[in-house]
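Open the model in your viewer and keep the selection tool ready. We will go from stop to stop.

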Amino acid sequence: MHIGGDESFNIGYCKECAKKAETYDGEQKLYGDMVHFFHSVVTGKLGKRIMMWDDMYELYPDAFHSFPRDIIMVSWSYGRNITGWFGHFANCTFRDQLAYHEKEGFDYLIAPADRYWSNTETFTDLVKNRKCLGGLLTIWEKKFTLLYKSLPNLAVAGDRWGKKSGASGDQ
């Protein structure tokens, strides 16, 4: 079950949470508490595994260090060429987010967007011979661009991920 968790910039805006999020450490704890709560319900009570977006690691690394390692991290990056990954929030620091997941013991998926076929190509190439579980192509409702934009990108993902080419194993 995907719990989301991306772009969580409104932490602590409600009256109930505002006191908890008065400090940066409080924000991290509040974010971490939310993930731990979802994990306890979905995994503990329902017996299912959760997945979540990993972009908030850039803002709340201490929270991520506390997460159970059975969470599947979903890494998104939507640039044309992601081999020089600069992060999500204009911090412009290169890091290998997927190597972090492997080092920390998280399973992960890549999540390119349907914006550019090169995004899917470079993301797929990045995970060749790595421990990636596979891919999740992100597509938003496309009233006017489905035929000329989304469907070709679906074809690229299907072609690249449908082969046993060594990229991400047996997607």
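Select D70 and H39. Their side chains make a polar contact at 2.7 Å. Such a contact is a pair of N or O atoms within 3.5 Å; within protein, one must be able to donate a hydrogen and the other to accept it, and residues adjacent in sequence count only if both atoms are side-chain atoms. This is a predicted model: local features need pLDDT of at least 70, side-chain atom pairs count only at pLDDT 80 or more, and totals for chains, interfaces and linings use all residues. Residues are numbered from 1 along each chain as its sequence is written, and side-chain values use heavy atoms, with hydrogens and water left out.

Stay on D70. D70 sits in the loop between α3 and β2. Helices (H or I, at least four residues) and strands (E, at least two) are DSSP runs, numbered from the N terminus. Is D70 buried, partly exposed or exposed? Its relative accessibility is 28%, so D70 counts as partly exposed. (Buried means under 20% relative accessible area, exposed over 50%, partly exposed in between, with a 1.4 Å probe and protein chains only.)

Now show what surrounds D70. Leaving aside neighbours within four places in sequence, D70 is in contact (heavy atoms within 4.5 Å) with H39, T43, R49 and I50.

Next, select β2, residues 72-76, and β3. These strands pair in the parallel sense over five bridges. (Two strands pair if DSSP finds at least two bridges between them.) Find V74: it stands opposite L109 in β3. On to β4, residues 134-135. Two bridges join β4 to β3, and the two run parallel. Here I110 stands opposite G135. Four of the five residues of β3 are buried, so β3 is largely enclosed by the rest of the structure.

Last stop: Y31, M52, F64, F67 and M73. They have the most contacts inside the largest nonpolar core, which has 30 residues. A nonpolar core is a set of buried Ala, Val, Leu, Ile, Met, Phe, Trp, Tyr and Cys residues joined through side-chain atoms within 4.5 Å. Which elements supply at least two residues each? They are α2 (24-45), α3 (61-65), α4 (97-104), β3 (107-111) and α6 (146-161). Of these, α2 gives the most, with four residues. Another core, of eight residues, lies apart from it; I72, V74, L109 and A111 are among them.
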